[in-house]
Amino acid sequence: MIQRDSKGDAIALGRELWARAEPGFFERRTHEALASAFRARGFAVEEFAGMPGFAATADGKLAGKTVAVVADMDGLPVREETGLPWAS
């Protein structure tokens, strides 16, 4: 499951995805990177036929609250002038 020490991995993945933004319905590399990251952390990943996107489910063992997160994966490939190494 998600561990506290995975913060650095999440930041690195976010920067990688930011640097190579993909427009809507063409997020193939983004889809693969995110689905793989969720699988590696023990989530069950259900992919949708014919389009990028997936549902990741964690099998909770304890009774308690449920959390749902919905997020977009698409981005706009723009030329940034920030000078940051992960700029698109």
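## About the model

Residues are numbered from 1 along each chain as its sequence is written. Because the model is predicted, local features need pLDDT of at least 70 and side-chain atom pairs count only at pLDDT 80 or more, while totals for chains, interfaces and linings use all residues; side-chain values use heavy atoms, with hydrogens and water left out.

## Overall build

Let's start with the chain as a whole. It holds 2 helices and 2 strands, in the order α-α-β-β from the N terminus. Helices (H or I, at least four residues) and strands (E, at least two) are DSSP runs, numbered from the N terminus.

The C-alpha atoms fill a box of roughly 45 × 35 × 20 Å along the principal axes. Of the 88 residues, 20% are buried (under 20% relative accessible area; exposed is over 50% and partly exposed in between, with a 1.4 Å probe and protein chains only).

## The largest pocket

The largest pocket has a volume of about 870 Å³, and among its 26 lining residues Phe38, Ala56, Ala68, Val69 and Val70 are the closest to its centre. A pocket is an open set of points on a 1 Å grid over the protein atoms alone, where a 1.4 Å probe fits, with protein on both sides within 12 Å along at least five of seven lines; lining residues have an atom within 4 Å of a point. Points are joined across faces, edges and corners, and a volume is the space filled by probe spheres set on them.

Helix 2 (28–40) and strand 2 (54–57) each supply at least two lining residues, and strand 2 gives the most, with 3. The lining has 19 nonpolar, 4 polar and 3 charged residues (Ala, Val, Leu, Ile, Met, Phe, Trp, Tyr, Cys and Pro are nonpolar, Asp, Glu, Lys and Arg charged, and the others, Gly among them, polar).

## The second largest pocket

The second largest pocket holds about 530 Å³ of space. Of the 22 residues lining it, Ala10, Leu13, Gly14, Leu17 and Leu34 are the closest to its centre.

Helix 1 (7–19) and helix 2 each supply at least two residues of this lining, and the largest share, 6 residues, comes from helix 1. By class, the lining has 12 nonpolar, 5 polar and 5 charged residues.

## A stop in a loop

Which residue can we look at between strand 1 (44–47) and strand 2? Met51 is found in that loop, and at 41% relative accessibility Met51 counts as partly exposed.
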